[in-house]
Amino acid sequence: MSQSLSEECTPLKQKYDSCFNSWFEGYLEPAVAASQSAETRAAYSKKKADEFQEKCGKVWEEYKACVQKAVKEKGLDKLLAQAREENPLTEPPTHPPSSGQ
């Protein structure tokens with residue numbers, strides 16, 4: 001696992017990464033079953049989202065707050081705001097960008 005933007009955030013990052021990876025592994029196993037109906041998949045996804053919030057939500061919020069503080073302290077918040085203004089994400093891309101080949 002890599003370091004966080006701020007040294008003080010790294011323990012929270014490692015804790016969150018571990019929680020997320022454990023949760024995601026469990027999410028993927030049955031989620032890929034091709035025989036599930038759309039309704040069953042939606043119910044499963046809701047259940048897993050609730051599970052994520054219960055298991056990892058608190059540490060995610062702590063880590064996110066730590067990183068946001070570090071971003072501000074390093075003056076990166078102004079650069080992020082400028083980048084968002086210059087290149088706003090208004091809609092998800094409909095297809096991946098071409099590789100030019």
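**Exercise 1. Find which residues phenylalanine 52 is in contact with, leaving aside its neighbours within four places in sequence.**

Solution. Phenylalanine 52 is in contact with Tyr16, Phe20, Trp23 and Gly57, once neighbours within four places are set aside. Keep in mind that this is a predicted model.

**Exercise 2. Decide whether phenylalanine 52 and tryptophan 23 are buried or exposed.**

Solution. Step one: take the cut-off, under 20% relative accessible area for buried. Step two: phenylalanine 52 has a relative accessible area of 15%, so this residue is buried. Step three: tryptophan 23 has 12%, so tryptophan 23 is buried as well.

**Exercise 3. Classify the aromatic pair of tryptophan 23 and phenylalanine 52.**

Solution. Step one: the ring centres are 5.1 Å apart, and pairing needs centres within 6.5 Å. Step two: the angle between the planes is 65°, and over 60 counts as edge-to-face. The pair is therefore edge-to-face. Tryptophan 23 lies in helix H1 and phenylalanine 52 in helix H2, 29 residues apart, so the pair links distant parts of the chain.

**Exercise 4. Name the residues of the largest nonpolar core and the elements that give two or more of them.**

Solution. The core has six residues: Tyr16, Cys19, Trp23, Phe52, Cys56 and Val59. Helix H1 (10-31) and helix H2 (38-73) each give two or more residues to this core.

Technical notes. Residues are numbered from 1 along each chain as its sequence is written. This is a predicted model: local features need pLDDT of at least 70, side-chain atom pairs count only at pLDDT 80 or more; totals for chains, interfaces and linings use all residues. Side-chain values use heavy atoms; hydrogens and water are left out. A nonpolar core is a set of buried Ala, Val, Leu, Ile, Met, Phe, Trp, Tyr and Cys residues joined through side-chain atoms within 4.5 Å. Buried means under 20% relative accessible area, exposed over 50%, partly exposed in between (1.4 Å probe, protein chains only). Helices (H or I, at least four residues) and strands (E, at least two) are DSSP runs, numbered from the N terminus. Contact means heavy atoms within 4.5 Å. Rings of Phe, Tyr and Trp (its six-membered ring) pair if their centres lie within 6.5 Å; planes under 30 degrees apart count as stacked, over 60 as edge-to-face and the rest as tilted.
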